[in-house]
Amino acid sequence: MNNGLEDVIAAETRLSDVDGERGRLVIRGVSLDDLVPGGTYESVATLLLDGLMEDPVDATTLRPLLASARIDVYSYVTQLDETLLALPPVDAMRAMIARLADGQDLDTALHLMAAPAVFLPAILRLQAGQRPVAPDAALSQSADILRMTTDQMPSAEQMAALDAYLVTISDHGLNASTFASRVVASTQAGLTSSVLAAIGALKGPLHGGAPGPVLDMLDAIETGGDAQAWLTVALDRGDRLMGFGHRIYRVRDPRADALKNALAPLVRADQVNRERIALAGAVERAALALLKARKPDRPLDVNVEFYTALLLEALGFPRQAFTGVFAIGRTIGWIAHAREQALNGRLIRPRSIYTGPLPKVA
Ligand code: ACO
């Protein structure tokens, strides 16, 4: 029976490939290991959009166009009222993005890339009782995000670390939020509709909501003082250790090492709490040993969320903002997939398998 599931399983893409056996992520033919060093938000965005927009962009033109889109969307910040600010940051951000026009063109794409980068810092500052900081068109996307969040010019190490994060999480195969984006795009709705659907899928705790609990675990272990003992009690209770295991990767998640490497310059420059990093290292070692002993047949290694938590904390983002920062990075992947689907794909319309009763035949 053709139940339409082959549409889902066989979704063809030239954008990214996740190889769970080898622990390899390829984005547009480039391995993540080669993409991250020296990579920027603008460089990975150019790569992902290549050939998908009617108006072509290159790395040189994208940066000023994006900066100008940040300035445009900042004019919406005055619409952040008390009702929106009472919401979790990712929900307030989604509500603001819903105000953008719903096109398929480069201008819509640029505004969608700029919107979470501008709205999230403004929401965080307003929720903390601070004045929002306007974008600076002379800066890169990463530098401006950090500046709009903290009202201070970031160091070169901090800018590079955020760029590494945004490149690392820009795209990751047909995950739940990317699939949501493609389903909406397959109806020929606009890019804003795709991104809104994707944010709805991302915010769930099984997808983009895990790094906060990693920090909760580190806090608890810091208080107790003994990683091995705390982890043993947690596993005896049947808990899952946050930041470990993955549905697809059977080896180490390559994004974890990309982010671990991105933390190293911050440690060398003394721009991060070294005790926190040392504690995380001890927790990782103890967790891997315990998981190996308890689940010898199920390879469980560290995943992207463990080092996401450490990196975003080191960059000064509060933990309630982590899902929103993930959305800032993943929006370019959602846009690229939506464009690829709209240009080449058919309507995604799987059939359900009906298991209910049938009417009685007279
Ligand atoms: N800690 C302890 N045990 C684990 C963990 C973990 N983190 N992950 C899996 N296991 C165990 C399970 O209890 C199960 O044991 P059992 O067979 O005795 O019941 C076995 O390993 C297999 O588990 P599955 O449920 O088949 O693993 P699945 O691939 O479905 O789950 C998941 C993947 C959800 C990521 C899981 O590893 C997990 O819950 N990890 C912790 C939460 C986390 O870090 N999430 C972020 C993932 S990265 C991302 O999504 C971007």
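Residues are numbered from 1 along each chain as its sequence is written, and side-chain values use heavy atoms, with hydrogens and water left out. As the model is predicted, local features need pLDDT of at least 70 and side-chain atom pairs count only at pLDDT 80 or more, whereas totals for chains, interfaces and linings use all residues.

The chain is divided into domain 1 (16–155 + 167–203 + 320–344) and domain 2 (211–314), with bounds that come from an automatic or database domain assignment. To the contact between them (heavy atoms within 4.5 Å), domain 1 gives 18 residues and domain 2 gives 19 residues. The centres of the two domains, taken over C-alpha atoms, are separated by 27 Å. The size of an interface is often given as the accessible area lost when the parts come together. Here domain 1 and domain 2 bury about 1300 Å² between them, 71% of it on carbon and sulfur atoms; buried area is the accessible area (1.4 Å probe) that two parts lose on being put together, summed over both.

Strands (E, at least two residues) and helices (H or I, at least four residues) are DSSP runs numbered from the N terminus, and two strands pair if DSSP finds at least two bridges between them. An open sheet of 3 strands has the order β1-β2-β3, with antiparallel pairing. Because β1 (16–19) and β3 (30–31) stand at the edges, each with a single partner strand, one side of each is left without a neighbour in the sheet. Strand β2 (residues 24–27) pairs with β1 over 4 bridges, in which D19 is partnered by R24 and V18 by L25. The hairpin of β1 and β2 has 4 residues between the strands, and G23 takes a positive phi near 70 degrees in it.

Pockets and cavities were traced on a 1 Å grid over the protein atoms alone: a pocket is an open set of points with protein on both sides within 12 Å along at least five of seven lines, a cavity is a set where a 1.4 Å probe fits but cannot get out, and lining residues have an atom within 4 Å of a point. Grid points are joined across faces, edges and corners, and a volume is the space filled by probe spheres set on the points. The largest pocket has a volume of about 1500 Å³, and of its 44 lining residues the closest to its centre are L206, G245, H246, R247 and N303.

Among the residues lining the largest cavity are G245, H246, Y249, R250, D301 and N303.
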